[in-house]
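Here are my notes for your first look at this model. Keep the structure open while you read.

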Amino acid sequence: MKRFITVRMWEETKDKLEQVRMDKSMKEKRIVSLAQAIEELVDEYLKKKNY
């Protein structure tokens, strides 16, 4: 059961991250990797939390 929930959560998260990546690529008119999109999201989050 845990494996199913983990896989399901990853699939949903991956889809959302992929959408963020595509939006960022279209907005900035450049290729953005999924890893780069994740890194930028984490950086933005940390800045908001003053880390």
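1. Start with the term helix: a DSSP run of H or I, at least four residues long, numbered from the N terminus. Val42 sits in helix H2. The model is predicted, so to speak, by rule: local features need pLDDT of at least 70, side-chain atom pairs count only at pLDDT 80 or more, and totals for chains, interfaces and linings use all residues. Residues are numbered from 1 along each chain as its sequence is written, and side-chain values use heavy atoms, without hydrogens or water.

2. Look at the length of H2. Its 15 residues reach 21 Å from first C-alpha to last, close to the 21 Å expected at 1.5 Å a residue. The expected span is 1.5 Å times one less than the number of residues. After H2 comes Asn50, with a positive phi near 60°.

3. Lys29 lies in the loop between helix H1 (2–28) and helix H2 (34–48). Lys29 is not a glycine, yet its phi is positive, about 50°. Most residues other than glycine have a negative phi. Lys29 is exposed, at 74% relative accessible area. Exposed means over 50%, buried under 20%, and partly exposed in between (1.4 Å probe, protein chains only).

4. Is Val42 buried or partly exposed? Val42 is partly exposed, at 41% relative accessibility.

5. Arg21 belongs to helix H1. A polar atom of the Arg21 side chain lies 3.1 Å from the backbone oxygen of Val32. Beyond neighbours within four places in sequence, Arg21 contacts (heavy atoms within 4.5 Å) Val32, Ser33, Leu34 and Ala37.

Technical notes: Helices (H or I, at least four residues) and strands (E, at least two) are DSSP runs, numbered from the N terminus. A polar contact is a pair of N or O atoms within 3.5 Å; within protein, one must be able to donate a hydrogen and the other to accept it, and residues adjacent in sequence count only if both atoms are side-chain atoms.
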